[in-house]
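Take the points in any order you like.

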Amino acid sequence: MKALVSVKRVVDYNVRIQVKPDGSGVVTDGVKMSMNPFDEIAMEEAVRLKEKGKITEIIAVTIGGAKCEETLRTALAFGADRAVHVKEEGDIQPLTAASALAAVFKKEDAQLFLLGKQAIDDDANQTGQMVAALLDLGQATFASKVDIDGSKITVTREVDAGLETLELDLPAIVTTDLRLNEPRYLKLPDIMKAKKKPLEAISFEALGVKPAAGLKTLKTTAPAKRSKGVMVKTVDELVTALKGKGLL
Amino acid sequence: MAKILVIGEISDGKLNAGTAKVLAAANAIGGEIVVALLGADVGAAAEGASKLAGVTKVLKVERPENAHILAATYAPQIVELSKGYSHVLFPGTAFGKDIAPRVAAKLGVQQVSDIMAVHSATSFDRPTYAGNAILTIEAPAEPAIVATIRLASFTAVEASGSAAIEAASTTATLPAHTRFVKLEAQKSERPDLQAASKVVSGGRALGSADNFKIIYSFADKIGAAVGASRAAVDSGYVPNDMQVGQTGKIIAPELYFAIGISGAIQHLAGIKDARTIVAINKDAEAPIFEIADYGLVGDLFSVVPELEAKV
Ligand SMILES: Cc1cc2nc3c(=O)[nH]c(=O)nc-3n(C[C@H](O)[C@H](O)[C@H](O)COP(=O)(O)OP(=O)(O)OC[C@H]3O[C@@H](n4cnc5c(N)ncnc54)[C@H](O)[C@@H]3O)c2cc1C
């Protein structure tokens, strides 16, 4: 059974984001880029499922320009067997990404698709659900536990009320939440091995994907800054201040 | 004129408080506003929705298959209901985030995530990069705009109306590939984290589930909801539904206490709209102090009990 895992190259989660003064976007030149943390969790889960003998092959897929190959190499170092690079430049919005990913899923005849629940750049939280819609498959978003049993997958999801468990027929789409696992540290031999693993490039055209009409970004602005407040020395001072403002 | 379909969320048989905030966004867009409620029995929620200011009509979509919320079965029905509407709005909760993209994809449109401000019927602000870059976007009006609303950015509308309640039926055939197994809900007598005016959150510094009692006890004294950082949830001190932040709950209380929380950007993303932030941390250099309205450097294990005694 094949699993497909999508990975996205994003600004590293530790970077302090700077909005360009002209409002045209955020500064990405010379900024550290990494695999989206939720996608690392998806990769890790796929590798664990393979180690348990539940799946036999892991295919990593990304969409983006030439530099995204790095992210695929990271996925291969995690343990993906091969990689597919949907090589397209520019602003690719979730529905377009989902169309391409759905096409790759079909082409590969995979049974499980693991995606991060959101990418920490656009924070959209849409792509997995859209892939599921386009393929008319079941979806389990925000997964914190995954169990495959034959042709079924049981997924525990983090919802606002607590934890929900769903059972889905395979093939199915699962998006990962933070507590699904803790991704491993990559070791040098694995990184070296990854360089030799197969990586195939493909285009939207070859996949039969036409970019959907997108949202137009008019401008990007920095959020209103919270001003630094006051430091109090004692609990009494704090209580007086909060009571003074009618907060307690 | 806009014709807006608001998908209401039901929790424990009642209308979820977030729906009144989605209504605020719908009112800002302006037009005819219809609230649709899906479930097996949505009577009580429909009563609640019919009172919300700005609602013209409430649709009850009752089917036995709707007893459990499943994106795979809700989405095709919402697609069916959305015919003729210019906007389909969902709350930006786990419920809305799960279903809205499935609806948008079926309609062939990009979805707008987490609307935080409405400029016109087609132009909105939304946060990216954990709230560190705000995009002003223009969405194509045709065929429809599908969006989730960032609840912390809107004030709930009043329950001053009296809209008509109608039954609506859907004929979409529903897939059987997804089945509900169980929900382990955290039962709590405390105020709801997303609606509370006061929230007390604890971080990794608490060190254990047992020590978290300090937080609960103080919160109960001032009638606050309890939240946590990701580190506290990951360490198993508290359940997942208490996580506040970029990937947890986004909240906007009047008063927020961050206790033993360093102030990582992912945590701050969840509290930026809090009116007053109080930070208690033993490290004077902790980033949380850069955004706190009141900061107190000290050991939480002595400060919090003292605070509890003095309020
Ligand atoms: C993709 C992604 C998403 C994330 N999403 C979220 C999210 O939604 N929410 C979230 O919170 N985090 C999130 N994080 C994690 C975030 O980056 C931080 O790791 C996390 O918020 C740290 O939690 P903390 O402040 O409790 O722990 P720490 O950073 O370890 O801070 C503990 C603090 O306690 C203080 N302290 C220790 N002992 C005492 C004492 N006795 N008295 C007083 N103070 C004391 C320390 O000085 C320190 O400042 C996310 C991370 C990633 C990568």
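1. A word on burial to begin with: a residue is called buried under 20% relative accessible area, exposed over 50%, and partly exposed in between (1.4 Å probe, protein chains only). B:D234 has a relative accessible area of 37%, so it is partly exposed. B:D234 sits in helix α6 of chain B, residues 230-234; helices here are DSSP runs of H or I with at least four residues, strands are runs of E with at least two, and both are numbered from the N terminus. B:D234 and B:K249 are 15 residues apart in sequence and 15 Å apart in space, C-alpha to C-alpha.

2. Please keep in mind that this is a predicted model, in which local features need pLDDT of at least 70 and side-chain atom pairs count only at pLDDT 80 or more, while totals for chains, interfaces and linings use all residues. Residues are numbered from 1 along each chain as its sequence is written, chains are lettered from A and ligands numbered from 1 in the order in which they are written, and side-chain values use heavy atoms, without hydrogens and water.

3. Chain A as a whole has 7 helices and 13 strands. Its C-alpha trace spans about 65 × 45 × 40 Å along the principal axes, and 52% of its 248 residues count as buried.

4. Now for the salt bridges, meaning a side-chain nitrogen of Lys or Arg within 4 Å of a carboxyl oxygen of Asp or Glu. Over all chains the count comes to 33. One of them joins A:K117 and A:D177 at 3.2 Å, N to O. A:K117 lies in the loop between β6 (112-116) and α4 (127-135) of chain A, and A:D177 in the loop between β10 (172-176) and α5 of chain A, so the pair ties together parts that are 60 residues apart in sequence. Both A:K117 and A:D177 are buried.

5. In chain B, the side chains of B:E65 and B:R63 meet in a salt bridge at 3.3 Å, N to O.

6. Another chain B salt bridge links B:K182 and B:E184, at 4.0 Å from N to O. B:K182 is partly exposed with a relative accessible area of 41%, and B:E184 is partly exposed at 37%.

7. Lastly, back in chain A, salt bridges link A:K2, A:E57, A:R82 and A:E108 in a network.
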